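This report describes one protein model for a reader who has not seen it before. The overall form comes before the single residues.

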Amino acid sequence: MYDIVGSALQAGAVGVLCIIGAGLLITVLEQLRERRRLLSALDAFGTPRRTLGRSVLWQTAVPVVLGLALAVGCGLGLGLLLLHLVSKPVLPDWSGIAALTGAAGAVILAVTALSLPLLWRLMRPDGLRTE
């Protein structure tokens with residue numbers, strides 16, 4: 001019984017991570033689109049594309065990592081409290097935590113990879129032209 005509930009919770013958590021990733025992707029793409037002229041100016045001044053790619057990675061990684069740390073900390077605390085109330089032994093599921101951490105890393109990399117083509121396209125010099 002507990003295994004089924006644990007599997008369902010883990011699947012739900014991965015689903016929530018995917019929804020968070022979709023929201024992050026939309027946010028990053030809109031921010032890049034609004035900063036078209038600034039990105040073109042950075043490219044004209046010779047800023048390496050690798051630097052801008054890393055900035056996109058950090059913009060997606062920080063919220064997901066902070067959210068995952070908060071969720072794992074609160075979840076472990078609540079789980080320990082509930083297990084203590086029913087006098088059950090406390091055995092954290094480290095494989096489940098590792099799986100969620102891996103899923104969060106995959107979301108971060110996917111959002112970054114999907115936003116890089118737009119970043120490269122917006123860094124062209126023709127973005128400096130006003131019409």
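## Overall make-up

The protein chain contains 4 helices and 0 strands, where helices (H or I, at least four residues) and strands (E, at least two) are DSSP runs numbered from the N terminus. Read from the N terminus, its elements follow the order α-α-α-α.

The model is predicted: local features need pLDDT of at least 70, side-chain atom pairs count only at pLDDT 80 or more, and totals for chains, interfaces and linings use all residues. Residues are numbered from 1 along each chain as its sequence is written, and side-chain values use heavy atoms, with hydrogens and water left out.

## Dimensions and surface

The C-alpha trace of the protein chain spans about 70 × 20 × 20 Å along its principal axes. Its radius of gyration is 20 Å, whereas a compact globule of 131 residues would have one near 14 Å. That radius is taken over C-alpha atoms, and the globule rule is 2.2 Å times the number of residues to the power 0.38.

The accessible surface of the protein chain is about 9,000 Å², and carbon and sulfur atoms hold 70% of that area. Such areas come from the Shrake-Rupley method with a 1.4 Å probe; for residues, only the protein chains shown count as cover. Of the 131 residues, 23% are buried (under 20% relative accessible area; exposed is over 50%, and partly exposed lies in between).

Among contacts with a separation of 6 or more, 90% are between residues 24 or more positions apart. A contact here means heavy atoms within 4.5 Å.

## Helix α4 and S115

Helix α4 covers residues 94-122 and includes S115. The 29 residues of α4 should span 42 Å at 1.5 Å a residue, and this agrees with its end C-alpha atoms, which are 42 Å apart. The expected span is 1.5 Å times one less than the number of residues. At L116, α4 bends by about 30°, and the proline P117 follows within four residues. The bend is the angle between axes fitted to the seven residues ending at a residue and the seven starting there.

S115 counts as buried because its relative accessibility is 1%. Beyond residues up to four places away in sequence, S115 touches L25, V28, L29, L32 and V56.

## Helix α3 and G53

G53 belongs to helix α3, residues 49-85. Its relative accessibility is 11%, so G53 counts as buried.

Which residues is G53 in contact with, leaving aside its neighbours within four places in sequence? They are T112, L116, L119 and W120. G53 and T112 are 59 residues apart in sequence, while their C-alpha atoms are 7.9 Å apart in space.

Note on methods. Buried < 20%, exposed > 50% of the residue type's maximum accessible area, 1.4 Å probe, protein only.
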